[in-house]
Amino acid sequence: MKDEQHSESAQEHAYPETTAGKPTVEDNAKVSARGANVYYGEKQAIKNVSLDVGAHEVTAFIGPSGCGKSTFLRALNRMNDTIDICRVTGDFRLDGEDIYDRKVDVVQLRARVGMVFQKPNPFPKSIFENVAYGPRIHGLVAHKSELDEIVHTSLERAGLLGEVKDRLDTPGTGLSGGQQQRLCIARAIAVSPEVILMDEPCSALDPIATAKIEELIDELRENYTIVIVTHSMQQAARVSQRTAFFHLGNLVEMGDTETIFTNPEHKLTQGYITGRFG
Ligand SMILES: Nc1ncnc2c1ncn2[C@@H]1O[C@H](COP(=O)(O)OP(=O)(O)O)[C@@H](O)[C@H]1O
Ligand SMILES: [Mg+2]
């Protein structure tokens, strides 16, 4: 493994051999990474990260900008495969199955591990078609009535149905930002994912729309496993059960959200949560 690219400040801070806190779970791991490294060309963006994401929990990834949160998130459903210079090593598992096995169909994988992005990105299609698209291309439905059912259930679960049920044939792009983001969540839900990855899903939203999404995330936990990247520590504290703190590509500390925010082990975590850097 190449590891020649330690930045000066990483050496200054003398990272622990292993991550502080409790990066793994006892028996309910939905996603596991062991010895994960991600490189962009020669630059290493993720350094020997091992962690578990517990089933039916919300796991938050926090840390300063550029520390590798999005990079690590994208490794979990192989979205990094779409970046030419990106190389991923280490062991990644979903329910114990190797995510990077040659036999894995990445389209299927990304249906099981869905993604919601920072900026709401509905297709330039109707609200109905935005949600119907996935089930159609995955061949999940035989009849129009089944498709109707999936579209309605997904919109309902995403907390949007009440606001849009009378205008399903109007463009998704005509909705407010917060509604568009819930539409994107409905679109992810429509293909029955097991895990939903959210990369700063509220950073383009106002506080009211943000509060709605946060409430929704808490409800979704019942049926899905959620990983959320957020630059807002308040948001991480509000929505997550476990929190992972990344710094310069290292997983410095991970544990129960309450512990991370009230009694972290590592000096870097303390510094970050008390706003001394970031
Ligand atoms: N497509 C890319 N090509 C080259 N470098 C990238 C790319 N995406 C991210 N990086 C680099 O990887 C590091 C981690 O980035 P990122 O995962 O986006 O951090 P975060 O989400 O924590 O802000 C940064 O140094 C960033 O510049
Ligand atoms: Mg990011």
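Modeller: Phe61 stands opposite Val229 in β9. Strand β4 (residues 58-62) and strand β9 (residues 225-229) run parallel and are joined by four bridges; strands are DSSP E runs of at least two residues, helices H or I runs of at least four, numbered from the N terminus, and two strands pair if DSSP finds at least two bridges between them. This is a predicted model, in which local features need pLDDT of at least 70, side-chain atom pairs count only at pLDDT 80 or more, and totals for chains, interfaces and linings use all residues. Residues are numbered from 1 along each chain as its sequence is written, while chains are lettered from A and ligands numbered from 1 in the order in which they are written.

β9 is also joined to β8, by five bridges and in parallel, with Val195 opposite Thr225.

Five of the five residues of β8 are buried, so the strand is largely enclosed by the rest of the structure; buried means 20 or more other C-beta atoms, placed from the backbone, within 10 Å of the residue's own, with exposed at 12 or fewer and partly exposed in between. Val195, Leu197 and Asp199 point one way from β8, Ile196 and Met198 the other.
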